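Subject: Structure handover

Hello,

The structure is pasted below, with the findings after it. Please read the two side by side.

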Amino acid sequence: MKRRAFITTVLGGGLAAAMTSSRALASGFEVTRSKADWKAMLTPLQYKVMREEGTERAGSSPLDKVYAPGTYHCRGCDLAVYSSKHKYDSGTGWPSFYQSLPNAVMTKPDRSLLSVRTEVHCRRCGSHFGHIFDDGPKPTGKRHCLNGVSLVFKEA
């Protein structure tokens with residue numbers, strides 16, 4: 001397995017630590033499962049996005065148009081990660097938020113394209129959610145552009 005170093009940041013908490021790729025670090029998370037267990041609990045698309053850092057097609061997630069009060073949880077471990085209070089319509093076709101809940105996510109650099117982007121993952125099980133960009137609304141100026149297949153919405 002190819003290992004790559006990255007700096008993780010727990011958003012909202014400001015904690016930083018040197019780690020390795022989420023796939024290589026599976027045993028370092030609070031919630032861990034074997035590859036077979038992940039494949040058994042997820043659809044092929046959910047597995048591709050959450051465990052292999054893939055991306056769902058823009059406009060394909062019903063969660064993009066959900067604006068009811070509630071909380072978005074990680075599909076992999078049920079950790080509450082985003083509040084509907086921080087959700088907005090970015091026009092991108094993916095559910096977007098301007099911030100996560102405290103101590104809910106971790107980030108790392110993504111160098112898979114020609115530029116460096118910021119990947120966002122569940123801090124408890126390492127599942128991949130999407131990317132964070134610097135073109136969001138106030139007060140943070142951030143856009144957490146997420147894959148809906150990685151999330152479960154729980155209405156308040």
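N103 sits in the loop between β6 and β7 (105-110). Strands here are DSSP runs of E with at least two residues, helices are runs of H or I with at least four residues, and both are numbered from the N terminus. N103 is not a glycine, yet its phi is positive, about 55 degrees. Its relative accessibility is 40%, so N103 counts as partly exposed. The cut-offs: buried is under 20% relative accessible area, exposed is over 50%, and partly exposed is in between (1.4 Å probe, protein chains only).

A note on provenance. This is a predicted model, in which local features need pLDDT of at least 70 and side-chain atom pairs count only at pLDDT 80 or more, while totals for chains, interfaces and linings use all residues. Residues are numbered from 1 along each chain as its sequence is written, and side-chain values use heavy atoms, with hydrogens and water left out.

E53 also has a positive phi, near 60 degrees, and is not a glycine. E53 follows α2 and lies in the loop between α2 and β3. Its relative accessibility is 14%, so E53 is buried. For background, most residues other than glycine have a negative phi, and most peptide bonds are trans. The bond between K138 and P139 is cis, with omega about 15 degrees. P139 belongs to the loop between β9 and β10 (143-146).

Now the overall fold. The chain has two helices and eleven strands. Along the sequence the pattern reads β-β-α-α-β-β-β-β-β-β-β-β-β. Of the 156 residues, 46% are buried. A contact means heavy atoms within 4.5 Å. Take the contacts between residues at least 6 apart in sequence: 54% of them join residues at least 24 apart. The chain exposes about 8000 Å², and carbon and sulfur atoms supply 55% of that area. Accessible areas use the Shrake-Rupley method with a 1.4 Å probe; for residues, only the protein chains shown count as cover.

Next, the core. A nonpolar core is a set of buried Ala, Val, Leu, Ile, Met, Phe, Trp, Tyr and Cys residues joined through side-chain atoms within 4.5 Å. The largest one has 22 residues, and V81, Y82 and F129 touch the most other members. At least two residues of this core come from each of α2 (44-52), β3 (70-74), β4 (80-83), β8, β9 (128-133) and β11 (151-155). In α2, the buried residues are Q46, Y47, V49, M50 and R51. Their cover includes α1 (35-41) and β9.

Two side chains to check. H121 lies in strand β8 (residues 117-122). H121 counts as buried because its relative accessibility is 4%. Its side chain makes a polar contact with the side chain of E119, at 2.6 Å. A polar contact is a pair of N or O atoms within 3.5 Å; within protein, one must be able to donate a hydrogen and the other to accept it, and residues adjacent in sequence count only if both atoms are side-chain atoms.

D89 is in the loop between β5 (87-88) and β6 (96-97). A polar atom of its side chain lies 2.9 Å from the backbone nitrogen of G91. Not counting residues up to four places away in sequence, D89 touches K65 and Y67.

Best wishes
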